[in-house]
Amino acid sequence: MNIILALFGAASQGLTWAILALGVYITFRILDFPDMTCEGSFAMGGSVSAALMVNLNLDPFVTLIVATLAGMLAGLITGFLHTKLKIPAILSGILTMVALYSINLRIMGQANTSLIGMNTIISFVKNILPTAQQLGIRDSVLQTGVTMFVGFIFTAVMIIVLYWFFGTEIGCSIRATGNNSAMMRAQGVNTDGMKTFGLVISNGLIALSGALVTQSQGYADVGMGVGAIVIGLASIVIGEVLFSHVKNFAHKLIAIVIGSIIYRAIIAVVLQIGLNSNDLKLLTAIVVAVALSVPVLRKNKGLVRKEVA
Amino acid sequence: MLQLTNIYKTFNANTVNEKLVLNDIDLELNRGDFVTVIGGNGAGKSTMLNLIAGVHYPDQGTIILDGEDITKLPEHVRAKNLGRVFQDPMMGTASNMEIEENLALAYRRGKKRGLGWGITKEERELYVDKLKTLDLGLETRLSTKVGLLSGGQRQALTLLMATLQQPKLLLLDEHTAALDPKTASKVLELSQQIIAEQALTALMVTHNMKNAIQYGNRLIMMYDAKIIFDVSGEEKQKLHVSDLLEKFEKASGGEFANDRMILA
């Protein structure tokens, strides 16, 4: 029973974190840009959303929008550092990420902000529904169910929007820029602009995910973004390894969401086995390293066989 | 049509690797000229094309295309008037994208790109017609990833992409050098055909002297950052490879004899 509840929780967590993975996918896979900004913009989304709710009593939905815009701004700065000031991609992201740590502390005025007793989108949906007692389930189960529902709606909407966007002229240009930027310049596209555009969208999504996670877990923490990039990558590579045959873009995005849920399930199982939650980052890094090495190992195996023949 | 005036370009200025690649180049192309450019390695041929395309900027001098001074325009801005095919077949296309997606990207060269669909139904019919002219069977493979095509197919596709929106100037930078001889001659024939059909002005860099003589109405030879020979019309048609070798040898003061094998 415990494990089923844990997996149920994993699915709901996986869906709120899935949007982070979609954002990371845009930079890492589509733009071929290893964007470290993500760790800062994820925490920024959470900080902005929490601070606005607690300090200004803003509507939780409105804070999601502001958080998304803040993340987009972070992406814009990384894009500026990289394309205009010619700072290498990885360093541009790291600079923004480090700067955001201080900014996030400024935004919240402290290292973490609790949302206990505040109205969040989770409590908003929960209030519409009958109470847990009336439904005859535990309150924590209802909470998880609602989180899952909210995460599902947001993720589904984002997949639809991304699928549309990357089919448009600008979206195609961004994809092609990540694939072959010299060719895109020869075809009259401002590739610096396209890279920045991609970073803006990616970090907007990541901040939105940070805000959603904050509202579902009930607090924001300045360190919540640490390892976000690896978590995003883990979801992507798990999705890619499991659905390697998938070609359609929408299916690829769905594979990432499933990857995100499976990643959370793996974590849940490992915690049930009795591993400490402090070991999670190590575990995540190992999951990513293993998943990334699968295609390489497969290829090497193929080569060895050929040599023998 | 195209005027290069007093163009200088030095790479790695003020270092031990300093190299003057273009030394006071003047070149004027007339509308409809198909000019072949030959010269040894490091003579400045590709650099000249890259300066015209905006990959690099000249240290001095002006570049005027069809009356417009493009010397300082960024690469992507001047791209609207230029069609380009590169030496490396990987460079002219996006390998992770489909044939039709690549064509659609090229079809929008010089146009505003917005939030309309990246490819429309009417375009697809146009692409099928255009691909048929290549005679490579690509018209039935619109949704094939370009990465799965051979080098020759990719160069042919790049050529089509470069001319899908008629360019004022077509730049071919040794675009057959990486292909096997049979494929190379097919791509060259195709280039010739497209240039003739659209009455394009074109600059074609090549290592192959025979091709340089066979194609185009004008030939220029570069050596050591300068244009050392410029011949057109009837005089060009009478040229032989031996004439060109002689020119090279004279310009290089005999040291060129070693390179003879490579260039012939």
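**Figure 1. Strand 3 and strand 9 of chain B lie side by side in the predicted model.** Strand 3 (residues 34-39) and strand 9 (residues 218-223) of chain B pair in the parallel sense, joined by five bridges. Strands here are DSSP runs of E with at least two residues, helices are runs of H or I with at least four residues, and both are numbered from the N terminus. Two strands pair if DSSP finds at least two bridges between them. Strands of a sheet pair through backbone hydrogen bonds, and they can do so parallel or antiparallel. This is a predicted model, in which local features need pLDDT of at least 70, side-chain atom pairs count only at pLDDT 80 or more, and totals for chains, interfaces and linings use all residues. Residues are numbered from 1 along each chain as its sequence is written, while chains are lettered from A and ligands numbered from 1 in the order in which they are written.

**Figure 2. Six strands of chain B form an open sheet.** Follow the strands in the order 6-7-8-3-9-10 (chain B); their pairing is mixed. Which strands stand at the edges? They are strand 6 and strand 10 (226-232) of chain B, and each has a single partner strand, so one side of each is left without a neighbour in the sheet. Neighbouring strands of this sheet are turned against each other by 15 degrees on average, direction ignored. Such angles are taken between axes, which are lines fitted to C-alpha atoms (for helices over the stretch in contact), and they run from 0 to 180 degrees between N-to-C directions.

**Figure 3. Strand 7 of chain B is covered on both faces.** Five of the five residues of strand 7 (residues 169-173) of chain B are buried, so this strand is largely enclosed by the rest of the structure. A residue is buried if 20 or more other C-beta atoms lie within 10 Å of its own, exposed if 12 or fewer do, and partly exposed in between, with C-beta atoms placed from the backbone. B:Leu169, B:Leu171 and B:Asp173 are on one side, and B:Leu170 and B:Leu172 are on the other. Strand 6 (residues 82-85) of chain B runs parallel to strand 7 of chain B, and four bridges join them; here B:Gly83 has B:Leu170 as its bridge partner. From strand 7, the chain crosses through helix 6 (residues 181-198) to strand 8 of chain B in a right-handed β-α-β crossover. Right-handed means that, with the strands pointing away from the viewer, the path from the first strand over the helix to the second runs clockwise.

**Figure 4. A second open sheet of chain B has four strands.** Its order is 2-1-4-5 (chain B), with antiparallel pairing. Strand 2 (19-29) and strand 5 (68-69) of chain B are the edge strands, each pairing on one side only. Seven bridges hold strand 1 (residues 2-11) and strand 2 of chain B in their antiparallel pair, and B:Thr10 finds its bridge partner in B:Leu20.

**Figure 5. Helix 1 of chain B lies across strands of both sheets.** Helix 1 (residues 45-53) of chain B lies across strands 3, 6, 7, 8 and 9 of chain B, running at about 145 degrees to strand 7. Helix 1 of chain B also lies across strand 1, strand 2 and strand 4 (60-65) of chain B, at about 65 degrees to strand 2.

**Figure 6. Chain B touches chain A.** How many residues of chain B are in contact with chain A? There are 25, and they meet 20 residues of chain A; a contact means that two C-beta atoms, placed from the backbone, lie within 7 Å. Helix 2 (75-78) and helix 3 (99-107) of chain B each supply at least two residues of this side, and helix 3 gives the most, with four residues.

**Figure 7. B:Glu75 sits in helix 2 of chain B.** You can find B:Glu75 in helix 2 of chain B. B:Glu75 is buried, with 21 other C-beta atoms within 10 Å. Leaving aside neighbours within four places in sequence, B:Glu75 is in contact with A:Arg185, B:Ala53, B:Gly54 and B:Val55. B:Val55 is 20 residues from B:Glu75 along the chain, and their C-alpha atoms are separated by 6.0 Å.
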